[in-house]
Amino acid sequence: MAEKIYITTAIPYVNGVPHVGHAMDYLLADVCARYFDNSRFQAGTDEHGNKIFQKAKELNIPVQEYVDNNSKKFQDFIQRLGVEYTDFVRTTDQDHEKRVQEIWEKVKDRIYLAKYEGWYCTGCERYVTEKEYEENHGICPDHQKSYERLAEENYYFRLADFKDQIREAIESHRMRVLPEFREKEILKLIEDSPDVSISRPKSQLTWGVPVPGDENQVMYVWMDALCNYITVLGYPDKDISDSWPAYAQFVGKDILRFHAILWPAILLALGLELPKNIVSHGMILANGQKMSKSIGNVIDPIEVLDKHGTEAFRYFFLRHIDTFDDSDFTWEKFEDAYNNELANDLGNLVQRLATLCKKNNFVLENDDTPTEVESQYDNLMREFRFKEAFDEVWEKVQAINRQIDEDKPWSLAKNNETEKLKQVLSSEVTNLLEATNQLKPFLPETAKRIEEIFSGTIEPPKEPLFPKN
Ligand code: MSP
């Protein structure tokens with residue numbers, strides 16, 4: 001068993017700057033990491049492939065310089081989200097490239113060369129089946145681009161060798177695929193999954209890791225990218241058993257198939273254990289449509305962060321964007337949540353309770369501090385149902401507001417009911433600190449501030465926690 005819980009995030013393509021959709025992997029993984037408090041946390045950037053190569057060419061920037069710049073933007077973005085990773089991997093890192101080639105050599109007996117002709121989407125970087133091609137009328141629904149007809153000689157990975165083992169691992173929950181409705185989709189998809197093309201001829205793709213022993217072929221981006229989760233740990237030259245198998249791998253639903261089918265097959269071929277949980281989130285939509293660089297309807301996360309800060313960003317995306325289903329982002333929803341919930345429910349509560357405490361010289365006794373953590377919250381957190389867990393916390397926050405309205409501490413003070421006043425303030429502050437404890441994975445900075453305000457001599461904040469617009 002791993003000493004530390006290893007948590008991973010999908011590595012975004014760097015053919016553009018981060019958009020709000022990219023935040024989901026990081027935020028969910030960060031909530032998980034903070035909840036367990038003893039984790040190794042990988043993040044990185046996916047820097048090979050034609051999409052990136054073409055974009056750099058269009059912009060007339062040397063490719064390496066282009067990916068350097070964009071990778072940096074992702075690193076800055078992750079920091080601005082208040083997300084703390086321990087390891088960062090770039091697929092153009094020399095170590096990564098060397099290790100991917102070593103991995104290729106290790107699974108060589110599962111690889112064969114064959115001719116293939118089919119429909120390809122550069123946006124998805126994958127071949128689609130004839131059935132998908134027909135269903136989508138020749139146009140990728142995610143990228144609104146026509147599929148290209150490609151005929152080429154590629155290396156294939158024998159997925160067929162591992163289908164039974166993968167199916168068994170998913171069904172027995174040795175490797176959980178979450179949420180459950182996605183598990184069902186994956187189990188169906190496994191049946192129809194053909195062997196996977198894992199290389200492209202050099203004439204079609206130059207910006208990638210060369211296939212060892214064949215100068216005419218370059219590794220397919222997904223083969224290269226998936227391996228990041230273990231190359232970053234040092235595999236194969238280092239023992240990774242203190243981190244691997246991953247406890248949770250966070251990915252968007254659009255790339256779940258790679259993580260729940262191809263990736264486990266590679267791991268099995270290497271003789272490595274399968275991840276414990278693969279957690280897939282939904283898409284953030286803009287006006288009901290997927291946000292994507294290719295469509296050009298992206299919401300700039302930096303604008304959201306500049307306007308309202310990290311904590312408000314985390315609040316909205318962790319509570320108003322569903323953990324598993326697609327959800328719509330609109331500025332109106334964001335502003336409403338900020339004003340009515342963060343500023344009113346929480347900000348005002350802290351202000352008013354701290355003011356009441358100060359006015360009445362109330363200090364929390366040590367043995368009043370919360371010790372018990374409630375189990376419903378823990379159950380939800382362990383099941384990765386973060387939005388629902390966050391809802392629970394928020395219900396507590398709202399209940400404390402109601403409690404204060406009912407207790408009317410100001411009347412007790414006026415009537416000199418000192419003992420009763422002490423009792424109600426103690427209960428209110430204790431409840432708030434209990435909620436704050438559970439708020440930590442979601443809003444770490446806010447939780448820290450609330451704890452500071454209510455420890456020792458209680459001092460209301462000079463500025464409201466969340467100033468209204
Ligand atoms: N490079 C691959 C991942 C390789 S992982 C070994 C890739 N990159 S991506 O930039 O397209 O997406 C990175 C992550 O962001 C994925 O988890 C993807 O699902 C997520 N999202 C991209 N757009 C999104 C939304 N609009 N909404 C939510 N998540 C989205 O795929």
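A backbone N or O atom of I284 sits 2.8 Å from a nitrogen atom of the ligand. The protein covers 95% of the 660 Å² of accessible area that the ligand has on its own. The model is predicted.

**Ligand site**

Two further polar pairs involve ligand oxygen. One is made by a side-chain atom of H22, the other by a backbone atom of G252.

| Residue | Protein atom | Ligand atom | Distance |
|---|---|---|---|
| I284 | backbone N or O | nitrogen | 2.8 Å |
| G252 | polar backbone | oxygen | 3.0 Å |
| H22 | polar side-chain | oxygen | 3.1 Å |

The shell around the ligand has 24 residues. I11, D25, D46, D254 and I284 come nearest. By class, the shell divides into 13 nonpolar, 8 polar and 3 charged residues.

Which elements each supply at least two residues of this shell? They are α8 (221-226), α9 (228-231) and β13 (248-252). Helix α8 gives the largest share, 3 residues.

**Parallel sheet**

Strand β13 also belongs to an open sheet of 6 strands. The order is β3-β2-β1-β13-β14-β9, and the pairing is parallel. Strands β3 (87-90) and β9 (176-178) stand at the edges with a single partner strand each, so one side of each has no neighbour in the sheet. From one strand to the next, the twist averages 20°.

Strand β1 (residues 5-9) is joined to β13 by 3 bridges, and the two run parallel. Across this pair, I7 stands opposite A248 in β13.

**Antiparallel sheet**

A second open sheet has 4 strands in the order β5-β4-β8-β10. Here the pairing is antiparallel. The edge strands are β5 (126-128) and β10 (196-197), and each pairs on one side only.

How many bridges join β4 to β5? There are 3, between antiparallel strands, with β4 spanning residues 111-121. C121 stands opposite R126 in β5.

This sheet has a helix across it too. Helix α10 (residues 256-270) lies across β5, β8 (148-157) and β10. The helix runs at about 30° to β8.

**Links between site and fold**

Definitions and conventions: Residues numbered from 1 in each chain as written. Predicted model: local features only at pLDDT ≥ 70, side-chain atom pairs only at ≥ 80, totals over all residues. Heavy atoms only, no water. Near = heavy atom within 4 Å. Polar contact = N/O pair within 3.5 Å; in protein donor to acceptor, adjacent residues only side chain to side chain. Areas by Shrake-Rupley, 256 points an atom, 1.4 Å probe, with all protein chains shown as cover. Nonpolar A, V, L, I, M, F, W, Y, C, P; charged D, E, K, R; others polar. Pairing = 2+ DSSP bridges. Contact = heavy atoms within 4.5 Å. Axes fitted to C-alpha atoms, helices over the stretch in contact; angles between N-to-C directions.
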